[in-house]
Amino acid sequence: MGFESQEERRGQEQPVAVSGSTGVALADGEDSGEGKKIFEVGGKTFVLDCKKAEAVFAAKKVINGIDTMTFNLLPLKYQWAYDLYRNMKANHWEPEDIPMNEDIGQWRSTDQLSDSDRWIIRMGIGYFSAAEGIVGDNIIHVIREIVTAPELKLVLGRHAHEENIHADSLLYMISSLGIDPHECEAMFVDVESIVAKNEFVTRISKDMRRDLDMTLIENIQNLARNMFVFGQCMEGTQFYGLFGMILSLYRQNKFPGIGQMFSYTLRDESNHIELLRQLLMCLGEENPSIWTNEFKESLVELMKEAVELEKRFIDDCLPVEALGLNREDFNQYIDFIADRRLEGVGLAVLNSGVKNPFPWLAEVMDFKKEQNFFEGTVTEYQKTSALKKPLSDSDL
Ligand SMILES: [Fe+2]
Ligand SMILES: [Fe+2]
């Protein structure tokens, strides 16, 4: 498979320090004499002892790297992870800042919403109430626990925190609309397609909650599988049926507050998908023996299963055709999204040539356009402090 670097994929300017996604060598810094060099990281300068920096750099790995309790970020090896962390932090949002008045008015009205509209919102809140917790828990108790490089732990901590924000936003929606919380809980058990989606991911997670010998190929493959399933299958594909439906309603001027929150959530998710994609690429780059043909085929099979589960879920979300919401189109959309995720990690696609049936959604969700779309809407939420002020010591 092709291990493209972050720089190649995103075309971002890299201010520091490494070459390639994993980084094969410590970058040249400006010589400051006595075996020391000046390195620039995120707009700050650091003077590092060359020999010590090279030793730490060489010992940093995705797994089985230097064992340290000091969370020493310097020298950065995984520059992309640090950049992503800064990007995520700059896009921080809080649910209560988003007005829900119009949503409440629509929810209470007798003539502004159809039964389908209400059902989609209930399914959205019901499914994501479980899913956000499952993702955050896996990040903290499986992936962040096993990876060893501090900058990877840093960005994974932010990932988990964003899942907390998403979970909190769902509480805000439930309380604003006056939905019975037990009704949401019951959906985890009663809606068969939600149960199946949750089981699909928790089975990939629960077996890894123990001490694992990460020198064994089998265990490294289990970790790679976990990163693939959570990043590309779940967050990357199985979230997108509901994202599409809720943003379709938003486009019809229904649920403006909920739509806005899901827009912010979607932007966060696109960072999570990229984080787990990069992590998987780096893990594969450092452990090339895991990428057997058999293993790659098993990942494609998992995506196939994820797509089938998502299509069953779409059937449950859209028991009848609703305004602008056509089941077949959503199924095709999931096929399209799944193939983009497979391509992103260098795997064979399932439906070659499948087209995106929602061109307008491409403006919101399409991977290359997401950033542009949000420049006009969500980006205004960015903390000016994170964008404009010089960095402070607490940033590292
Ligand atoms: Fe989330
Ligand atoms: Fe996420």
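Start by selecting helix H5 (residues 115–146) and helix H7 (residues 181–190): their axes come within 9 Å and cross at roughly 75°. Axes here are lines fitted to C-alpha atoms, for helices over the stretch in contact, and angles run from 0 to 180 degrees between N-to-C directions. Helices (H or I, at least four residues) and strands (E, at least two) are DSSP runs, numbered from the N terminus. H5 and H7 therefore count as roughly perpendicular, given that angles under 35 degrees are called roughly parallel, over 145 roughly antiparallel, 65 to 115 roughly perpendicular and the rest oblique.

A quick note before moving on. This is a predicted model, in which local features need pLDDT of at least 70, side-chain atom pairs count only at pLDDT 80 or more, and totals for chains, interfaces and linings use all residues. Residues are numbered from 1 along each chain as its sequence is written, while chains are lettered from A and ligands numbered from 1 in the order in which they are written.

**Stop 1: the H5/H7 contact**

Show Ile-125, Gly-126, Ser-129 and Ala-130 on H5, then Cys-184, Met-187 and Phe-188 on H7; this is where the two helices meet. Contact means that the C-beta atoms, placed from the backbone, lie within 7 Å. Colour the contact of H5 with H7 by class and you get 5 nonpolar residues, 2 polar and no charged. The classes go like this: Ala, Val, Leu, Ile, Met, Phe, Trp, Tyr, Cys and Pro are nonpolar, Asp, Glu, Lys and Arg are charged, and the others, Gly among them, are polar.

**Stop 2: H3 against H6**

Next, pick helix H3 (79–90) and helix H6 (residues 150–177). Their axes are 8 Å apart, at an angle of about 25°, so H3 and H6 are roughly parallel to each other. On the H3 side, select Ala-81, Tyr-82, Leu-84, Tyr-85, Met-88 and Lys-89; across from them in H6 are Glu-151, Leu-152, Leu-154, Val-155, Arg-158 and Glu-162. By class, the contact of H3 with H6 has 8 nonpolar residues, no polar and 4 charged.

Now centre on Glu-151, in H6. Is Glu-151 buried or exposed? Glu-151 is buried, with 25 other C-beta atoms within 10 Å. The cut-offs: buried takes 20 or more other C-beta atoms within 10 Å of the residue's own, exposed 12 or fewer, and partly exposed is in between, with C-beta atoms placed from the backbone. Leaving out residues up to four places away in sequence, Glu-151 touches Leu-73, Leu-76, Tyr-78, Ala-81 and Tyr-82.

**Stop 3**

Most residues other than glycine have a negative phi, and most peptide bonds are trans. Go to Leu-74 and Pro-75, which are joined by a cis peptide bond with omega about -5°. Pro-75 sits in the loop between helix H2 (50–59) and H3.

Then jump to the loop between helix H10 (240–251) and helix H11 (256–286), where you'll find Asn-253. Asn-253 has a positive phi of about 65° without being a glycine. Phe-255 is in the loop between H10 and H11 too, and its phi is positive as well, near 55°.

**Stop 4**

Finally, select the strands. Three of them, in the order S1-S2-S3, form an open antiparallel sheet. Strand S1 (30–33) and strand S3 (44–49) are the edges, each pairing on one side only. Pairing requires at least two DSSP bridges between two strands. S1 and S2 have 3 bridges, and strand S2 (residues 36–41) and S3 have 6. For landmarks, Asp-31 stands opposite Lys-37 in S2, and Lys-36 has Asp-49 in S3 as its bridge partner.

The hairpin of S1 and S2 has 2 residues between the strands, and Glu-34 there takes a positive phi near 55°. Bring H2 back into view to finish: H2 lies across S2 and S3, running at about 95° to S3.

**Zooming out**

Show the whole chain again: 16 helices and 3 strands. Of its 396 residues, 40% count as buried.
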